[in-house]
Each structure stands twice: as C-alpha cells, then as structure tokens.
Amino acid sequence: MDFLFLALVLYAMGAMTMLWPKRLEMAAHAIGMVLAAAASALTFLASATYLGTMCGWGVPAGMTLGRFGALVDIGWSGYTLVADGWSAAFLVITGLAGTIISLYGVDYGKAYRGTGIRALSGLWNLFLASMVLVLLAGDGFTFILAWEVMALVSFLLVNHESKKKETVHAAYQYMVMTHLGTAAILIAFYLIGSHSPSLLFSELAHNTLEGPLRHVAFAAAFIGFALKSGLMPLHVWLPNAHPAAPSHVSALMSGVMLKVAVYGFGRFVFYFLGMEVFAYGLIVMLVGLFSAFLGVLYASMEKDMKRILAYSSVENMGIIFATFGCGMLLVQTGHGTMAMVAFTAVLVHSLSHSIMKGLLFMSAGAVMHATGSKNVELMGALAKKMPATALFTLIGAMSLSSLPFTTGLVGEWMALQSFVTLGWQTGTQELRLLVIAAFVLMGLTGALALGCFVRLFGVVFLGRRRSALVLKAYEMPFFMLLGMGIEALLILVLGIFPMPMVQLMQASLTGGIMALPMVSTDAVVWNGIGDFANAASYSAYSPFMLMMLALIVTAILAFVLEGKGLYVQKDVTWNCGTVPTRRQQYTATGFSKPLRRAFDYILKPRKERTFLKKEHAYFGRSVHYNLFIPDQFTEKLYVPVQHLMVRLSALLHLLQQGSVRLYIGYTMIAMVAVLIWGVM
Amino acid sequence: MVYMVQSLGVGLVQALLLLVFAPFIVGLINKTKAILQKRQGASVLQEYFDLWKWWRKPVIVTPYTSKIFILAPAVYFGTTLMAAAMVPGLLVSGLQAGSAGLSLGDAFVFVYLLALGRFFMTLGAMDSATAFGGMGSSREVYISVLVEPAVMLAILVNAMRYQSTTLTRMVIDFDTFYFTVPAVLTCVAFFLVMLAENSRLPVDNPDTHLELTMIHECMTLEYSGRLLSLIHLGSMLKILIFLVLFSTLYLPLAIPVAVKVLFGALVIGVVETLNNKMRLFKVRVYLAAALILLIVSLIAE
C-alpha cells in the first residue's frame, strides 16, 4: 500500500466535504479536519520511514510506507510525481505540522459556524494537498501548477473573513505579491527549460544554460522563492496576510508554506543551477542575515500578536536562508563536509520553526478565541485564566528565543557552527569579514528575539489584566489544547534528544545529485549534538548531558527551597505609600521604548501627541499619544513604485479616451496594418 | 558514559567551589572601592552575612503574580550554577591527562544558558505588575541586545584562533600566545563586556535603588527573603564566572588563574571608583567601543 497516494486520496475526500449540504456543515467540518489530520499523518509516516531507512535505522523492508526514490509516474500525460530525499525532508515537516494543526482546527474552526465553515475545512484539505503536490512534483509544469493551486487556495483562506475591509486588502496584496513571485519562478523555469530536453526535473538537472542568463535564472528563482518565504524586502505581504487569516491557517502558512519555498529554492540550487558561483552564496547569506535582524526588530515593536509572530517568521526564514547561503559558500570553497552541517541546519531549523511557530500561532488563536482581540495591550494575567495555554506558549516562546532544552537552539547552534567554520576553514579576508558581520547580526537577532518573546509572553500572560476583555477569558477546548500540547511536547523532546531529528534531516541530503559526504559522528569537528564521547575534542552541544546537570541542580534547589523556613506571605506591593493600580504596569509599547530609541535611525517611528484639554495651568492635561512605526520598505520602496505605476498607467489615457469612434479608428488602423503586412 | 559522569562530577564540584567563593569576590570588590574612597567599608565577608539574613526572612509575594514569579529566581540561580559547572576551571585540569579535558558544552551553549536565566528573570520582574518590574525588564533587554553582538564576537575571536568553540579546548591552547595586539584588544573588549553583562558601573550601578539609575536592581525590587537571596547569590556567581572566563581565555598574563581572578576583581573595584554611571542611551556608544575593538582584533589576527 502506498501511503502517499492514500494520503492524496484522503485529502481529496476531505476537500469534497465542501459540497455537503448546509445543515450538515458541522459534521462536514469535523470529518474534513479529521481526514486532513489522517492524510497528513500518513504523509509524515511515509516520508519519515523512508528517511529512517536511509540513515540505517533498520526499518524492516515491509515497513517503508511510501514508494520513494524511483519515479512515481501516475500515468497522466506529462505529469510526474517524484519523491526523493530533499522532498522527503519537507514532506516530514508538512506531514507533522499538518497533522497537529488539523487536530487543533477541529475545535478552532467551530468559531466559523455559519460563516463558510465548509469552505474553510474543504480548502484546508486542498491547501495541504497542494503543498504535498509541490513537494512531489517531478517536472516543471506540475510544480508550477501545484504552486499556483497552493497560492490560490491560500489566498482564499486568507480572504476567509472577507467581511472585514483589512482582510480583503491583505488578501489582495498577498495575491499580487505571490503572483509576482510565481512570475519570477516561471522565468527561471523558462530559462532553464529552454536549455534542456524537457521540463522533467531529472533532465533539467543537465541543462546547458551558461553565462549571464544563468545568473538571471538564479536571480529570478531567488526572488520568487524569497518572496514566498518572506525575506526582506519582499516580506510586505506577510505581516498583513498572517493576521488576516484564521489562526490555524496562519499556523499552516507560516509553519509549512514558507518552508515549501525553501524546498523550491533548494531544488533549484542543488539540482539545476549549482553552487559554483561565489556571489550566489554571498547574496543569499547577506539577504538572510538582514532579514533576520530587521524581521525581529520589527517584531519587537509590533502590538498585534499575529503581526509579531509574522515578523518573527521573517526573522527565522532569514536565519534559514543565511545558513543556506553559508552552506553554498562552503561548497564553493570546497568544504563539502562542513556544508553538510549548514544544510542539515537549514532542514533542522525549518522543522523546528514549523513546530514552534505553529504552536505560537495556535496559542495566538487561543488568546483571540478567549478574549476576542489580538492587541497585546489589552491582555495581561491570562496565565491564571488559561494555565495550560500559558504553559504551552511559554515553551514555544522559549524555543523561539532559542534557549537550551528546546529545538530552537539545535538549529541555531548548528547554524552558528557552520558560520564559524566558514570563517576559519576558508581563511580569506572577505569571508572573514562576512563572518564577523554574520556574528554581529546573529547576536543582535538572538538578543532581540529573546526580548521580543519576553515582551509577548509577559504582557499577554503575566501581571494584572490590562482591560476588561480578560475577565471573560476561559481555557480552551480539548482539541485545541491537544494540538498545542503535542507541539510543546515535541519542542522539549526533540530539544533534549535531537539526534533522531538531525540524523533524519541529514539522511535526506545524502541521496540525489549533491554528492555531499555523510558526516560521520566522530571524525568531524562539529557533530557534537547528542554525542558525549570525549566531547571536548570538538565543539559539542549535548542537551542530554545538560539536562542531567539541570536535573541535579533542580534537585539541589528543590531541597534548599522546600526546606524549613520558606514561608510565603501574600501582600500588596509596596508602592511608596499608595496602592498600585493596573495602569502602572509597563505596556508593550513602553517595554520596547529603549530599543525603539536605540534603533530609531532604522525604525523612524512617527509620534503624534495631542493635548486634548487643559483645565489647570500645571497639571491635568489629558494627552492623546499616537505611535506609528511604518515598515520602511513599504514607505521607501513599495509606495514610490506604486506611485510610479499609477503615473505610467495614466499615460494610457492618451490612447484610451472613452470615445467609441476612436476605438473603431484603432481597429481600422490595426486592420490596415495587418493587411499591408500580409501583402508584403 | 564514563566521560559524561566524570564531566558532570567535576563540573558540579567546580560549580560548588565557585559558589562558595563568589560572595567573597564581591566583598573584595566592595572593599577595594571602600578603601579607594577613603572609607573603612564593610568586612570582606559582609556578603555572606547579608545572604544569611535574607535567607531567614519570609518571602512576600504580590497577590497578582503567577507561578513564574517564584520560578524565576530559581531558574536564574540554577542556570548560573550550570554555567559555573561549564566554565574551564577544574574541567581543564588533567583528569584525562594528555587529552583535551572534560567538557559540558561549548561557548554558544554557555551564552544561551545564561540567556535562559535572563529570560525567566525578566519574566519574573514583569509578573510583579508594577512599574519598576517592567522598567527593569525593558532595560535589561535593551542592554542585552547591545551586549550580545560583542559577546558573540568575543567567542568568534577564540573560535577562529583555536578552531573550536569548546571552552576547555580554548583554554588548553591558550598558553600558545602572549601579548599580541589582537590578544590585548580582545582582553580590553571582554572586560568592557563583562562590566555590562554583570550590571556593574559604568553601565548599571549595583549600589543604588534609585529608579533612574538602576537596571538589574530594578528587576529584583519585588523579591524578598530566600528568593532575593538566590538572585543575589546568582549575580555574585555570575561575576565570578565571568572573571574566571576573563582570566582563562582573555587575560594574556603568565600567572596562576586564581591570582588573575583576584587581580580582575581589584581592577573592577578601581574602574567602579573612577567612573560614574553613564546615561542609559549612552551605553550603546560604550558597547560600540567594545565591538570595534573586537572587530579590529579579528581583522588583525
């Protein structure tokens, strides 16, 4: 039995629930979501067992659940589906995230009762299926087709709450942007395809594209996939589309769809274009690093929960692409083994980001569910109302700040190791400067991410309530908690025992065209994850050993703290003789004030202060304070381009005057021209 | 497995030793400052007495807080203790003669472990629901954002030199160079970073409780009793850890490490006497100086 085909069939059945009659809409929704979860689970099992066999875990022959490796031709004319190692890695990500978020969606989607809930769960299946198909596509045409289906279905999902004006705006912005990306990818496929026998991936790999056109093809592919994964400056759709979409949709978009773009980029770089050109890796790494830094800087300024998470996705995709670029540079300078570390880090961080960002979008959804708002300034003290959600969010926030014992650090640690290697192994001065820049930016990014998630968690879940919305908050229903709980558990388990994850991801790189050497565990400098045999001889991060240490320290602390004499007294905080009020807490805006001031030359915040009335001479003026941090790329890049486009289109007025006679005249002229051309 | 048990054992012994001496080092810094300011000053052992005093007092908790508030000092102290087990002290000395010594983790893990402590400490401060807690967290985050690039470059300097990010490995190879230009520049830069990381003058003033000047003390304001004692002990331990790192990895002098640590403590005392606290928004200039020194030393390698 082929699990991947079964999964596609289940997705198709799930999509059919859209057509059920309206009175069965809740049943349609539940069955649709369960089918999506089951299909995703099958995808995950098929691809994970395939990779498991590749890294020699002794999976019995009968247990390999998908037919991989060989060409899987479904027999329609010209459409081919192929699964190899590189796609299997992303199928693992899609399957895992799809299963868990679908479970969450079983309860979360119920809020859309009566407002197109059947469409939501039907399209949900279609969205997952289209992503699986992108990963399975074996030729350029199938790839573009599936890619477009993915773009359109995600547009419809973003546009689901189309009663709201900003949703429609965000959705159409996303539509325009994603089509620009598709156009760029089409150009890339056209250029490569015109220099190879057919559009089959196996034949595209032997394309004969040379010279400047090859650079154009690379640039087009990079722009196309960078746009889909939200790298700066092509990220503008992302912070608008994520808040507009229903939360489980944003979780899936951020967790999986952005990674599908990484898959596409890897497909182009590894198989079609190669890494021989130094500038390719350099550009990718620099763009990645700046996206990482600027993304998290904007994330720590935002007040909308989902916009914070969207900008944080920009950051993490930046880290992923920076590591990718580092790997390309390592290959280019002839350090294949270390490049393996970098590409493994790309995959590991993609997987862990899909887990942790999925979790945080789900908990943002939970908070919205409970309070009806996503403005962090209106929350506070939710930890008491929703303790389980708070705990899961805390774990996700820790992981996104890449703290020890979470998956977040595993990928980031490997990324940093590959950066260090790029510095000392290659030894050239320009690469050393690049590594210095990388370390400065990664340092800033790491600290800002920590600040950003301290702010998010602290303002939303801790302290005292900041508005009356919190009063009606309640703990989430079972399936929502289940989804978040599994993700939180995965973060901790894979964070403490990361070796299976690293091995799986590494196995996916060994097959195929990139003949990169498999890293053996003791011969190489870096590979210390989970391995503690003489860890000091090379760089090592052994979370298990660290966990042992933590357990011992915790035991000591528990003994000390629980000893006699620790008695806790509840009393109101001393506040210089007055009783502290809720409004004396720091707001999220106040929290990020020092950073806003330190980076004001980048952020250029706009402040408006209006003094509303002045009854007394010296005090009692009520002040209206408005702070707005525009996205500088929108301001400086997109708005001018937009104005230019409008002005250029205005030139068309010369031709299009609205007069029918004129148009008939044009037709005449065209006819005459054609006739003359035909005679000649 | 043997390696792991050995590393854990030696690391824990080392952590406890550092823990015992940490208040003494802070006492020494305070005594130096007192003598330079022509005061008699408190005894070098005063910090032990203070810790004992807080230890016996009850903990007062604001009713609005969640469990994070109690958890934060424990995590802060715990991670600092783990970091203390990780620094290249006893771990280097030859349990496995001839080999690279024992290790519990590399420099990045060390940094992120301290970040774990900071994460919980800032959350704990925000949990107290007062203006001071939020202010302390906000400023701590601000300072850490400025410090972090310099810390990462300080690691990179050594990682490039010794081709490994493992702390013990770096220390073993440390004897191979003395007093080169990059070494001295890195040493100065790390000293600046150390002052900022440990909330010392001129970045933060550990002695005052005025809202305009304080950062770290601001976060601890709502804590009392045994929890306060844990936080203070953690901070003291952190200073000692950084002094040990400074002595073993950055100070290019051929004298025993213990002497170098005492010397470092004295220098901190002198620097704290000579400097005022700088304005919060000038700190970025101070840390930019450290950053530039590190970049120069990396290029000069």
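Reply: Helices (H or I, at least four residues) and strands (E, at least two) are DSSP runs, numbered from the N terminus. The model is predicted: local features need pLDDT of at least 70 and side-chain atom pairs count only at pLDDT 80 or more, while totals for chains, interfaces and linings use all residues. Residues are numbered from 1 along each chain as its sequence is written, and chains are lettered from A and ligands numbered from 1 in the order in which they are written.

Me: In which loop does F405(A) lie?

Reply: F405(A) is not a glycine, yet its phi is positive, at about 75°. Its place in chain A is the loop between α15 (387-400) and α16.

Me: Which loop of chain A holds P233(A)?

Reply: The peptide bond that leads from M232(A) to P233(A) is cis, with omega near 5°. In chain A, P233(A) belongs to the loop between α8 (212-229) and α9 (238-244).

Me: Which loop of chain B holds P202(B)?

Reply: A cis peptide bond, with omega near 5°, links L201(B) to P202(B). In chain B, P202(B) sits in the loop between α7 (181-197) and α8 (216-219).

Me: Which element supplies the largest share of the side of chain A that touches chain B?

Reply: Residues are in contact if their C-beta atoms, placed from the backbone, lie within 7 Å. The contact takes 77 residues from chain A and 76 residues from chain B. Elements of chain A that each supply at least two residues include α16 (407-426), α17 (429-461) and α20 (543-561). The largest share, 16 residues, comes from α17(A).

Me: How do the residues of the side of chain A that touches chain B divide into nonpolar, polar and charged?

Reply: Ala, Val, Leu, Ile, Met, Phe, Trp, Tyr, Cys and Pro count as nonpolar, Asp, Glu, Lys and Arg as charged, and the others, Gly among them, as polar. On this basis the side of chain A that touches chain B has 49 nonpolar, 21 polar and seven charged.

Me: What is the bridge partner of K570(A) in β1(B)?

Reply: Strands pair if DSSP finds at least two bridges between them. Strand β1 (residues 59-61) of chain B and β3(A) run parallel and are joined by three bridges. In β1(B), the partner of K570(A) is V61(B).

Me: How far apart do the C-alpha centres of domain 1 and domain 2 of chain A lie?

Reply: The bounds come from an automatic or database domain assignment, which divides chain A into domain 1 (2-522) and domain 2 (608-680). Five residues of domain 1 are in contact with six residues of domain 2. The C-alpha centres of the two domains are separated by 34 Å.

Me: Are α5(A) and α6(A) roughly parallel or antiparallel?

Reply: Axes are lines fitted to C-alpha atoms, for helices over the stretch in contact, and angles run from 0 to 180 degrees between N-to-C directions. Helix α5 (residues 140-158) and helix α6 (residues 165-193) of chain A pack at about 175°, with axes 10 Å apart. Angles under 35 degrees count as roughly parallel, over 145 as roughly antiparallel, 65 to 115 as roughly perpendicular and the rest as oblique. The helices α5(A) and α6(A) are therefore roughly antiparallel.

Me: Is the crossing of α1(A) and α4(A) left-handed or right-handed?

Reply: In chain A, the axes of helix α1 (residues 3-16) and helix α4 (residues 117-136) come within 7 Å and cross at roughly 155°. A crossing is left-handed if the near helix is turned anticlockwise from the far one by less than a right angle, and right-handed if clockwise. The crossing of α1(A) and α4(A) is left-handed.

Methods:
Contact = placed C-beta atoms within 7 Å.
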